[in-house]
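Hi there,

Here is the structure I promised to pass on to you. Have a look at it first, and then read on for what turned up.

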Amino acid sequence: MPKRVDHDERRHRIAEALWRIASERGLDGASLRDVAAEAGISLGQLQHYFRTKDDMLVFALGHISELAARRIGARVGSLAGDPSPRTLLRETLAEMLPLDDKSRTGQLVQIAYFVRAVHDERLRRHAKEGIPALREFFAAQIRRAKEGGDVAADRDPDTEAMLLISLVDGLTGYVLLDVLPGEEAMRLVDAHLDRLFT
């Protein structure tokens, strides 16, 4: 009998091969042939799943976003009891920073996507959809904290949410460039949360 192929597993393997190459050389250095070799399949097999490099990039970006959401969900889900808004925000922000090899690779790939997405509407659409959802999650936590008296009444949740996202984006670059160690980035996150939460 012919061997059954798990098509989802193969797509994910291709996406992960792309990430490995992109984290070392950027997306422009990832040809279809290179990705196929990294994934351990032929170019023809890769093209069965993705006709063009752009198709592969769009799928891989969606997959990396899904994995990041799962990682954040697992981290938050491991918290005991009913975590406070501050704890939920801190754990989510920590998961967004490149504090270990896996998240570092993920962030390097995200930066490679960012550079390409500036000129590619298909890739840019992921940021346009993903960032508002993340901002709303953060804003909801800040609103909940305001209702509990843990955040000052004059703080705007939407503004504060975007400031948190921007803070982590900026710190990510500095950690990746070895300007700041991960521990210092987390200390700055904690300092900002201390100012936000009364």
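Asp 178 sits in the loop between α8 and α9 (182-196). In this predicted model, Asp 178 has a positive phi of about 60 degrees although it is not a glycine. With a relative accessible area of 62%, Asp 178 is exposed because that value is over the 50% cut-off.

Helix α8 (residues 157-176) also packs against helix α7 (residues 121-147), with the axes 8 Å apart and an angle of about 125 degrees between them. That angle makes α7 oblique to α8, and their crossing is right-handed.

Now to the charged side chains: the structure holds 18 salt bridges. One of them joins Asp 54 and Arg 116 at 3.2 Å, N to O. This pair links distant parts of the chain, 62 residues apart, with Asp 54 in helix α4 (residues 53-77) and Arg 116 in helix α6. Both ends are partly exposed, Asp 54 at 29% and Arg 116 at 22%.

Another salt bridge connects Arg 90 with Glu 91 (3.7 Å, N to O). Here Arg 90 is partly exposed at 26%, whereas Glu 91 is buried at 14%. Through shared partners, salt bridges join Arg 71, Arg 75, Arg 90, Glu 91, Glu 95 and Asp 190 into one network.

Finally, something nonpolar: Ile 111, Phe 114, Val 115 and Val 118 make a surface patch of about 380 Å². Of these, Ile 111 lies in helix α6 (residues 101-117) and is partly exposed, with 38% relative accessibility.

Best wishes

Note on methods. Residues are numbered from 1 along each chain as its sequence is written. This is a predicted model: local features need pLDDT of at least 70, side-chain atom pairs count only at pLDDT 80 or more; totals for chains, interfaces and linings use all residues. Side-chain values use heavy atoms; hydrogens and water are left out. Patches are made of residues with over 30% relative accessible area and no salt bridge: like charges are joined within 9 Å, nonpolar side chains (Val, Leu, Ile, Met, Phe, Trp, Tyr) within 5 Å. Accessible areas come from the Shrake-Rupley method with a 1.4 Å probe; for residues, only the protein chains shown count as cover. A salt bridge is a side-chain nitrogen of Lys or Arg within 4 Å of a carboxyl oxygen of Asp or Glu. Helices (H or I, at least four residues) and strands (E, at least two) are DSSP runs, numbered from the N terminus. Buried means under 20% relative accessible area, exposed over 50%, partly exposed in between (1.4 Å probe, protein chains only). Axes are lines fitted to C-alpha atoms, for helices over the stretch in contact, and angles run from 0 to 180 degrees between N-to-C directions. Angles under 35 degrees count as roughly parallel, over 145 as roughly antiparallel, 65 to 115 as roughly perpendicular and the rest as oblique. A crossing is left-handed if the near helix is turned anticlockwise from the far one by less than a right angle, and right-handed if clockwise.
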